[in-house]
Amino acid sequence: MWHQQVMTQPNLTQEPNLHLGRPNRTGWLTGGGGDRLTSTHDLVQQMYYLYVRIVKAKDLPFNPITGGGCDPYVEVKLGNYRGRTRHFESKTNPEWNQVFAFSKDRVQSSVLEVFVKDKDTIGRDDHLGSVLFDLNEIPTRVPPDSPLAPQWYRLEDRRGQGKNAKGEIMIAVWMGTQADEAFPDAWHADNALLQGEGVLNVRSKVYVSPKLWYIRVNVIEAQDVVPNDKTRSPEVFVKAQIGNQVLRTKICSNLNQLSNPLWNEDFVFVAAEPFEDQLVLTIEDHVHQTKDDVLGKLTLPLDIFEKRLDHRPVQSRWYNLEKFGFGALEADRRKEMKFSSRIHIRVCLEGGYHVLDESTLYISDQRPTARQLWKQPVGILEVGILGAQNLLPMKMKDGRGTTDAYVVAKYGQKWVRTRTVLDSFVPKWNEQYTWEVYDPSTVITLGVFDNCRLNVGTEGKDCRVGKVRIRLSTLEANKNYTQSYPLHVLHPTGLKKMGELNLAFRFTSLSLAHMIYIYGQPLLPKMHYLQPFSVNQLDNLRYQAMNIVATRLGRAEPPLRKEVVEYMLDVDSHMWSMRRSKANFFRIMSLFSGAISVGKWIGDVCHWRNPVTSVLVHVLFLILIWYPELIMPTLFLYMFLIGLWNYRFRPKQPSHMDPKLSWAETVNQDELDEEFDTFPSSKRDDLVRMRYDRVRSVAGRIQTVVGDLATQGERIQSVLSWRDPRATSVFVLFCLCAAMVMYVTPFRVLALVCGLYWLRHPKFRSKLPSGPNNFFRRLPARADSLL
């Protein structure tokens with residue numbers, strides 16, 4: 001028998017096993033109405049619970065020894081499980097308002113017992129009274145019915161004696177499922193051994209990402225800047241800081257602008273509401289490499305700036321700078337200053353952008369920051385997190401492997417976290433969540449983690465078990481999907497399958513016309529195209545946004561850990577990886593494989609490898625030449641027929657991350673060690689040098705391929721640029737002759753001659769390159785101008 005005392009949270013203890021009550025088809029145990037139990041959780045299997053809400057008590061007896069109030073607490077007993085509320089000191093009218101949940105599958109009694117006791121610090125706790133409930137008489141609540149109203153029950157003196165004790169207790173007892181509003185905050189019998197903060201860390205919760213803003217700071221100029229050292233030419237610049245984000249302008253060293261420097265540079269920062277950081281601007285003089293003198297400082301709260309929804313100009317303002325070194329404690333010296341330096345800036349909060357905190361390749365939200373710019377949703381996404389199977393042990397406990405798994409799902413600004421199922425390799429969650437969908441070309445991400453913070457004082461990070469991504473555009477509307485997804489994690493030792501995650505999806509379309517309209521709209525808000533950011537800016541801003549999201553979600557209760565948020569947002573996706581480079585290379589090869597196959601087929605036709613096919617192609621070619629108006633209709637009809645044919649082979653289930661496509665199955669050990677290395681590298685010098693040489697070799701080959709592509713393009717440009725006067729002369733004369741021939745010759749005849757010449761028999765072909773090919777290869781490029 002376990003016995004625990006929790007001061008702030010209810011506690012459940014398990015007694016020796018008793019005989020399990022047998023449920024029947026009409027209800028739980030022998031209660032009625034079970035077959036009628038329905039809820040909005042239709043994608044998941046219904047799990048039945050007995051809910052006990054302990055609200056409060058009144059008129060409890062005084063302590064006969066101290067003469068004051070008793071120290072009451074409530075103990076709920078159902079079979080071999082016991083739940084216990086916190087206790088109050090010297091209080092006769094306590095209020096607990098705590099909920100207990102007992103799973104149907106583990107009920108071993110037909111009687112629910114509720115005891116009110118007086119906590120004794122020395123001896124045995126005194127019994128103040130009890131209430132008994134027959135489970136056969138417990139009502140069933142079906143959401144969206146209103147919550148069951150609690151009732152007052154008079155306490156009985158002893159079990160079975162029927163005598164009334166002093167005091168009453170308010171209780172609500174009902175049967176329900178996981179769709180009940182009390183489910184997330186209930187104390188479950190499955191978590192009987194937890195105490196303290198571990199109680200909160202296993203509950204299911206919904207989180208909302210903070211509202212992120214881009215802050216654009218345009219530093220224009222300054223006036224009356226006085227350097228500390230007037231014997232040298234100052235090198236003045238402005239440093240802007242919001243939180244841990246620091247940016248600086250270029251140095252203004254123009255002798256004509258020393259006292260009134262001009263920069264006119266733009267900075268962009270990321271901040272989250274409510275704004276906790278301030279904009280700090282300092283004008284500094286770069287004295288030497290290790291020293292910068294601060295000449296003036298300005299601190300402004302972020303909520304005073306204008307919120308811009310489009311690209312209209314924002315009014316600039318002049319601000320007086322505080323002389324560095326003259327603070328609030330030196331007010332007398334500040335009065336001695338005859339004038340102060342000023343800075344001219346333009347600052348606004350950009351509401352027309354979507355603040356990227358995840359890659360656009362698998363983005364889950366594209367809405368701008370300003371809510372008034374949001375469009376109407378196009379659909380509803382419902383996700384049922386059923387369970388997992390074949391999970392691997394993630395940690396050791398009492399000499400054996402164990403896993404305490406939970407699931408985090410992220411779509412848009414809404415994050416959800418399921419409850420933690422303790423010590424199970426086949427956990428069952430059966431929790432269902434709903435999101436509004438504003439764009440079908442988005443991705444929902446689900447990650448499975450092992451909870452490593454179950455008890456007070458435990459350290460360590462929640463371990464990754466695996467991740468699943470589902471693109472909503474691959475889901476058919478109003479169709480239920482139920483599928484098991486493999487969970488793969490790339491370790492320094494290689495790819496490892498950690499188990500499988502069972503999910504259910506349903507995407508409900510609200511308006512087909514609106515959804516089709518969305519497909520013709522830009523992926524991101526229009527401000528991203530009217531005033532775009534550079535690639536480096538986007539990378540830096542995304543990194544800052546991820547840090548802000550991780551920090552804010554880490555303050556929630558229970559917190560969503562930083563390692564969880566970073567894994568869900570793929571914080572390391574921009575890092576170099578030989579494996580990813582290989583995967584992307586072969587993706588390109590697969591992309592061009594279709595064109596290569598078509599080219600090979602055309603080559604076979606031209607070389608008459610299959611005479612029947614070549615004859616049919618000649619016949620089709622002659623028909624199209626004779627009736628050129630059939631060319632485009634034939635082309636579109638052909639693509640239509642291909643689309644209909646491929647409908648038979650459409651994917652039946654939404655796709656998932658593919659280890660083979662990622663080249664995770666064949667990656668070698670050294671490449672994995674490099675991928676998991678820290679940044680900057682923590683490896684020894686000779687290993688870093690070897691990897692650097694390998695990166696140089698790979699980059700050299702990429703450089704060669706890019707150079708070849710650039711050479712071909714420059715040759716096309718040089719045809720009419722007269723870089724090679726003879727080649728350009730020949731091409732100009734050729735163009736003149738071709739224009740005259742095409743002017744007097746019908747297009748049908750020209751196409752017929754060119755096509756038959758291209759499809760000629762191999763007997764009439766030469767193995768040497770053709771004249772136009774030789775002429776093109778002789779054209780000059782700019783490669784000879786490179787150092």
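Predicted model: local features only at pLDDT ≥ 70, side-chain atom pairs only at ≥ 80, totals over all residues.

Me: Where does A165 sit, and what is it in contact with?

Reply: A165 belongs to strand β9, which covers residues 164–177. Apart from neighbours within four places in sequence, A165 is in contact with L128, G129, R154, L155, E156 and D157. For R154, which is 11 residues away along the chain, the C-alpha separation from A165 is 7.5 Å.

Me: Zooming out, how many helices and strands does the chain have?

Reply: There are 14 helices and 30 strands. Of the 787 residues in the chain, 43% are buried. Among contacts with a separation of 6 or more, 71% are between residues 24 or more positions apart.

Me: What about the largest nonpolar core, how many residues has it?

Reply: The largest nonpolar core has 67 residues, and W415, I444 and F505 are those with the most contacts inside it. Helix α5 supplies the largest share of this core, namely 7 residues. A second, separate core has 31 residues, including L78, V116, I169 and I171. As a general point, nonpolar side chains in soluble globular proteins tend to be buried together.

Me: Back to F505, which residues is it in contact with?

Reply: Beyond its neighbours within four places in sequence, F505 is in contact with L43, L381, E382, V383, I444, L446, I470, L475, K479, N480, Y481 and Y485.

Me: Switching to rings, how many aromatic pairs are there?

Reply: The count comes to 15 aromatic pairs. One of them is Y353 with F533, whose ring centres are 4.8 Å apart and whose planes are at 35 degrees, so this pair is tilted.

Me: Why does that pair tie together parts that are 180 residues apart in sequence?

Reply: Because Y353 lies in the loop between β20 (342–350) and β21 (379–389), whereas F533 lies in the loop between α4 (527–530) and α5 (535–553). Both Y353 and F533 are buried.

Me: Which residues form an aromatic cluster, and which charges sit over rings?

Reply: Y49, Y51, W174 and F183 form one aromatic cluster. As for charges, the charged end of K414 sits over the ring of W435, at 5.3 Å from its centre, and R469 lies over the face of Y362, 4.0 Å from the ring centre.

Me: Last topic: how many cavities of 30 Å³ or more turn up?

Reply: Searching the whole structure gives 5 cavities of 30 Å³ or more, and the largest cavity holds about 190 Å³ of space. That largest cavity is lined by 17 residues, of which P210, H354, V355, D365 and Q413 are the closest to its centre.

Key:
Residues numbered from 1 in each chain as written. Heavy atoms only, no water. Phe/Tyr/Trp six-rings, centres within 6.5 Å; stacked < 30°, edge-to-face > 60°. Helix = DSSP H or I, 4+ residues; strand = E, 2+ residues; numbered from the N terminus. Buried < 20%, exposed > 50% of the residue type's maximum accessible area, 1.4 Å probe, protein only. Lys NZ or Arg CZ within 6 Å of the ring centre and 35° of its normal. Core = buried A, V, L, I, M, F, W, Y, C linked by side-chain atoms within 4.5 Å. Contact = heavy atoms within 4.5 Å. 1 Å grid on protein atoms, 1.4 Å probe; cavity = no way out; pocket = protein on both sides within 12 Å on 5 of 7 lines; lining within 4 Å. Points joined across faces, edges and corners; volume = space filled by probe spheres on them.
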